[in-house]
Amino acid sequence: MRRSAHSVGAVAAAFLLLQPPAVAAQGAADDDARQPRPALMAPRAASALLLDAVKAGERWVVAGQRGNILLSDDASAWQQVPVPVDATLTRLHFLDGQRGWAVGYDGTLLGTVDGGREWTLLQFDPQWARPYYDLHFFDADNGLLAGANGALLATTDGGRTWTANESETFEDQQNLYRLVALGDGSLLIAGERGFLARSKDRGASWQRLRSPYTGSFFGALATGDKGVLIFGLRGNAFHSADVDLAEALDAEALQALRDAELDPDAASGGASPVSEVAGWRALDSAQVESLFDATVTADGRVVLVGMNGHVMQADLDSGRLTRLPVAPDNNMNAVVAAGDELIVVGTAGAQRIALP
């Protein structure tokens, strides 16, 4: 595959379909604007922009623009619930059918202990004015937040207080788009400008990995005991059957990567953004639409969704991505398998799609 990378601004627009809000000017007149405002209850919230969907027990939960969170028992009829902040929400994470969290713009973190019916505002920082993109909790107390500009934080009290990770791994301040737990319990972060890092100690320390792609990764899906599928800008996707075999990014290679980012030939697309890297296999595809999320169906198929209605099936054995013939042509930001259907959310809100 030889596909050029977009600018950081284009990446942000493609991934969240929104630009981060500007930081409010200083002064007493802005004090009210910095206070959290409840999300408006809107009759068409289920068809507005949504960014994530999860299954919490027997209930479906979706979240997105303007603080909208909606619940459903059948993924067809949706009910909006009150939310104490109207910031756009980017990701949901549930430990079980009751306890969960939601993150988003303006440093927003929400928590629920009743399956999403009621939400408590745990953190809100509009002065930071940037988003968290993902989160992972190991249990009810211990978890991690990943976000813009290399922000990685840890909590030991369920999200009430957070400590920033000061590791040099994140000093280049790439946006951290996806944080996933692999089958062996280790963690992988995928993000902007080909950023990849792994932790084997629940996020206490991180090792940066050499990336097969210099463009952005928007999603990652654990496969098997130690495998992971990573994907993102312009439909680029790569699979590692065993991340232990992925090559670490040493100081010399890191400096070469930084130098390449300043190379005008590379910036203009003269250099290939895809390279052969130990431990990773590129998935061949004729499509160049960005991919945002993936799931595994009941019959074991790996399915990815992205821009302009693209639903792709990944054959990890042959190393190919094949487009599935589905009707919707809107952007899809997240997907969850439900029997012989997909529950997707995106620019057209929440939809059910029958698998071919």
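**Exercise 1.** How many bridges join strand β6 to strand β7, and do these strands run parallel or antiparallel?

*Solution.* Begin with the source: this is a predicted model, in which local features need pLDDT of at least 70 and side-chain atom pairs count only at pLDDT 80 or more, while totals for chains, interfaces and linings use all residues. Residues are numbered from 1 along each chain as its sequence is written, and side-chain values use heavy atoms, with hydrogens and water left out.

Next, recall that strands are DSSP runs of E with at least two residues, numbered from the N terminus, and that two strands pair if DSSP finds at least two bridges between them. Strand β6 (residues 100-104) and strand β7 (residues 108-112) are joined by five bridges and run antiparallel. Within this pair, Gly-104 stands opposite Thr-108 in β7.

**Exercise 2.** In which order do the four strands of the open sheet stand?

*Solution.* The order is β5-β6-β7-β8, with antiparallel pairing. The edge strands, β5 (89-94) and β8 (120-123), each pair on one side only.

**Exercise 3.** Is Arg-178 buried or exposed?

*Solution.* First locate the residue: Arg-178 lies in strand β13 (residues 176-181). Its relative accessible area is 7%, and since buried means under 20%, exposed over 50% and partly exposed in between (1.4 Å probe, protein chains only), Arg-178 is buried.

Then consider its polar contacts, which are pairs of N or O atoms within 3.5 Å, where within protein one must be able to donate a hydrogen and the other to accept it, and residues adjacent in sequence count only if both atoms are side-chain atoms. The side chains of Arg-178 and Asp-293 are joined by a polar contact of 3.3 Å, and a polar atom of the Arg-178 side chain lies 3.4 Å from the backbone oxygen of Phe-292.
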